Amino acid sequence: MKNSKAKDIAFYGIMIALAFIFSYLEGFIPINALIPIPGVKLGLANIVILFALYAMGIKQAIIIAIIRVLLAGFLFGNPMTIAYSLCGCALSLGIMWLTKKTKLSIIGVSMLGGIFHNIGQLIMAVLLTSTARIAYYLPVLLISGLVTGLLMGFAAKLVIDRVKNIKK
């Protein structure tokens with residue numbers, strides 16, 4: 001029993017570290033040069049979160065996601081980025097967990113997660129700025145969430161398929 005708990009803790013540590021490293025590396029990708037809108041990111045850490053959701057479960061995915069957001073926010077951001085990220089993360093994970101139960105593929109689930117992450121961040125922006133005028137970002141955020149969700153979903157599917165092959 002103790003050995004199993006130690007393995008779980010080690011696996012959590014690896015997943016959190018990997019998600020955190022992806023968050024850090026994402027800062028070096030000049031996506032804002034292509035899409036000059038604040039908040040648009042690839043979401044590389046979502047590969048780890050999707051893997052956790054599918055391989056471990058919602059509880060584990062939530063724990064990994066929250067710790068990753070807090071670590072990245074404290075080290076690379078500020079309280080505002082933490083608020084935006086937590087709101088986007090919560091909405092995204094909720095939608096991905098619900099749609100995972102359907103016949104939608106992991107790529108489709110990821111695309112919805114990307115879209116709803118951006119919607120969650122936009123909701124937080126409206127609340128913090130007390131203006132709905134910021135919603136003009138919505139079309140671009142929907143498209144960017146769709147595209148990044150597609151890319152991260154495809155990457156997560158490759159990882160999950162590889163892990164399944166290794167286990168065989």
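A search of the whole structure, which is a predicted model, finds 5 aromatic pairs, where rings of Phe, Tyr and Trp (the six-membered ring of Trp) are taken to pair if their centres lie within 6.5 Å, with planes under 30 degrees apart counted as stacked, over 60 as edge-to-face and the rest as tilted. The rings of Phe20 and Phe76 have centres 5.4 Å apart and planes at 15°, so this pair is stacked. Because Phe20 belongs to helix 1 (residues 2-26) and Phe76 to helix 4 (residues 58-76), the pair ties together parts that are 56 residues apart in sequence; helices here are DSSP runs (H or I, at least four residues) numbered from the N terminus. Ring pairs link Phe20, Tyr24, Phe28 and Phe76 into a cluster.

Residues are numbered from 1 along each chain as its sequence is written. Local features need pLDDT of at least 70 and side-chain atom pairs count only at pLDDT 80 or more, whereas totals for chains, interfaces and linings use all residues, and side-chain values use heavy atoms, with hydrogens and water left out. The mean pLDDT of the protein, the predictor's confidence in each residue from 0 to 100, is 90, and 94% of the residues reach 70 or more. Confidence is lowest in helix 2 (residues 31-34), at a mean of 68, and highest in helix 5 (residues 79-100), at 95. Where pLDDT is low, the predicted coordinates should not be read in detail.

The structure holds 1 cavity of 30 Å³ or more, and about 60 Å³ of space lies in the largest cavity, a volume being the space filled by probe spheres set on the grid points. Helix 3, helix 4 and helix 5 each give two or more residues to the lining of this cavity, and the largest share, 5 residues, comes from helix 5. Among the lining residues are Asn46, Arg68, Cys89 and His117. By class, the cavity lining has 5 nonpolar, 4 polar and 1 charged residues, with Ala, Val, Leu, Ile, Met, Phe, Trp, Tyr, Cys and Pro counted as nonpolar, Asp, Glu, Lys and Arg as charged, and the others, Gly among them, as polar.

The second largest pocket contains about 240 Å³ of space, and its lining includes Phe11, Phe51, Tyr54, Lys164 and Lys167. Helix 3 (45-55) and helix 7 (138-167) are the elements that give two or more residues to this lining, and helix 7 provides the largest share, 4 residues. The pocket lining divides into 7 nonpolar, no polar and 2 charged residues.

Trp97 is found in helix 5 and, at 33% relative accessibility, counts as partly exposed. The C-alpha atoms of Trp97 and Val109, 12 residues apart along the chain, are separated by 8.4 Å. Helix 6 (residues 106-129) is followed by Ser130, which lies in the loop between helix 6 and helix 7. The phi of Ser130 is near 55°, a positive value in a residue other than glycine, and Ser130 counts as exposed at 67% relative accessibility.

Conventions:
Expected span 1.5 Å × (residues − 1). 1 Å grid on protein atoms, 1.4 Å probe; cavity = no way out; pocket = protein on both sides within 12 Å on 5 of 7 lines; lining within 4 Å. Buried < 20%, exposed > 50% of the residue type's maximum accessible area, 1.4 Å probe, protein only.
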